[in-house]
Amino acid sequence: MNLSLTGLLAIALAIVPLLLLVTSAWLALECLFALGAQSTVPATPPLPADLSLAVLVPAHNEAGGIGPTLATIAPQLRPGDRLVVVADNCTDATAAEARETGATVIERQDSTQRGKGYALDFGLRHLAAEAPDVVVFVDADCTLHPGALASLASQAQRTNRPVQAVYLMEKPPNPGLKDGVSAFAFKVKNWVRPLGLYRLGQPCLLTGTGIAMPWAAATSVSIASGHIVEDMKLGLDLALAGYAPQFCQAAWVTSRLPSGDQAATTQRTRWEHGHLQMFTEYVPKLLGQAVRQGRLDLLALALELSVLPITLQVVAVVAIALLSLVIALAGLSWLPAYLALGALACLVVGIGLAWVGYGRADLSLRDILAVPAYMLSKFSIFSKFLTKREEAWIRTERDG
């Protein structure tokens, strides 16, 4: 009986380290497959002449910034393509500035249903009278790099799936350590890991702006949502509906990290609380449907969603490793410690591969030595998920 109880206790103590080992190994596998792949971007085939295309730009109080964004989109449009701006609950000159660029502008006012998801739904209903073959979503505060529109639309049309561009954050002027760490973490999340998934033949999460999808996919699920990470939620809903998103390395979209501490904290809190909400809500759904439908792509998305925001993943692995060593030294079981140390090794390898292949421009070796202190400073963001969870959509303040 004592042996049986000891064995059961060892198994119980090993559950969390095992889960962290699986997710950390998954991250390392993605980073390994992404290594060196940035030099093998395929050429974009020309769009079929009869392919109809619409670009939808949701905008809330983007006066002063929307013009430059539309100026990066307009040169990529073909004759007959449509550019539609949804001026959503705007109290500034967003609509007027967008009209000056030649875009079609539709205005929406609704004080109760606020957020990008509702704006996109409004735009889709506007387009439905003459539905395009492919619709592309571009945020109003970013830069769509040359060739991105054709790459996104071509891949969406060819695969009949939603497609996510490489979406990166540029550091603000005079960046500090926090900016470098944020830019690197964003790069790992939005470029390295999706690229690894693509090379593994698996779908990716939708990460924000630069999304193209066939009309049938765009209208297969409800997009009207005020969720704080509506893009991630949309991608998971689409995957469950049979339209798992795919990564498009040939299309690039960039935005700039906010320079103010308060704006940066608001943005990080929204992203990270939103990820944790999606984890608790969607991992059981994805695993259940993966088993029922025999779909490996849903299992891959469940694993992808189970990798915590990178700072929290590191903190969790280190904390569990230390706790497991204490348990082992107390004479209970070494199994949790072996699993936790394996998770830590996978995490170090994965992040190291990502830094070597993609992150040296963001963080120097000297910067890396200061990262632990930065990670501890973010603990308050994660603790607020338990005490004061971010649930309502809040627009991040723009610089200037």
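Begin by selecting Ala316, which lies in helix H11. The model on display is predicted. Leu20 and Ala316 are 296 residues apart along the chain, and their C-alpha atoms are separated by 8.1 Å.

**Helix H11 and helix H12**

To see the contact itself, display the side chains on both helices. On the H11 side, the residues are Ile310, Gln313, Val314, Val317, Val318, Ile320, Ala321, Ser324, Leu325 and Ala328. They meet Pro336, Ala337, Ala340, Leu341, Ala343, Leu344, Leu347 and Ile351 of H12. Coloured by class, this contact of H11 with H12 shows 16 nonpolar residues, two polar residues and no charged ones.

**Helix H6 against helix H12**

Which residues of H6 and H12 meet? From H6 come Phe184, Lys187, Val188, Trp191, Val192 and Leu195, and from H12 come Ile351, Ala354, Trp355, Tyr358 and Gly359. The residues of this contact comprise nine nonpolar, one polar and one charged. Ile351 deserves a separate label: this residue of H12 meets H11 and also takes part in the contact with H6.

**Helix H8 and helix H10**

Now hide these helices and select helix H8, residues 230-240, together with helix H10, residues 296-306. Their axes come within 10 Å and cross at roughly 160°. H8 and H10 are therefore roughly antiparallel to each other, and H8 passes H10 in a left-handed crossing. In H8, show Met232, Leu236, Ala239 and Leu240; in H10, show Leu298, Leu301 and Leu305, which they meet. The residues of the contact of H8 with H10 divide into seven nonpolar, no polar and no charged.

Rolling a probe the size of a water molecule over the atoms shows where empty space is left. The count comes to two cavities of 30 Å³ or more. The second largest cavity has a volume of about 60 Å³. To locate this second largest cavity, select its lining: Gly117, Leu120, Ser222, Ile223, Ser225, Glu230, Asp231, Lys233, Leu234 and Asp237. Which elements give two or more residues to this lining? They are helix H4 (116-127) and helix H8 (230-240). H8 gives the most, with five residues. When coloured by class, the lining shows three nonpolar, three polar and four charged residues.

Terms used
Residues numbered from 1 in each chain as written. Predicted model: local features only at pLDDT ≥ 70, side-chain atom pairs only at ≥ 80, totals over all residues. Heavy atoms only, no water. Contact = heavy atoms within 4.5 Å. Helix = DSSP H or I, 4+ residues; strand = E, 2+ residues; numbered from the N terminus. Nonpolar A, V, L, I, M, F, W, Y, C, P; charged D, E, K, R; others polar. 1 Å grid on protein atoms, 1.4 Å probe; cavity = no way out; pocket = protein on both sides within 12 Å on 5 of 7 lines; lining within 4 Å. Points joined across faces, edges and corners; volume = space filled by probe spheres on them. Axes fitted to C-alpha atoms, helices over the stretch in contact; angles between N-to-C directions. Parallel < 35°, antiparallel > 145°, perpendicular 65-115°, else oblique. Left-handed = near helix turned anticlockwise from the far one by under 90°.
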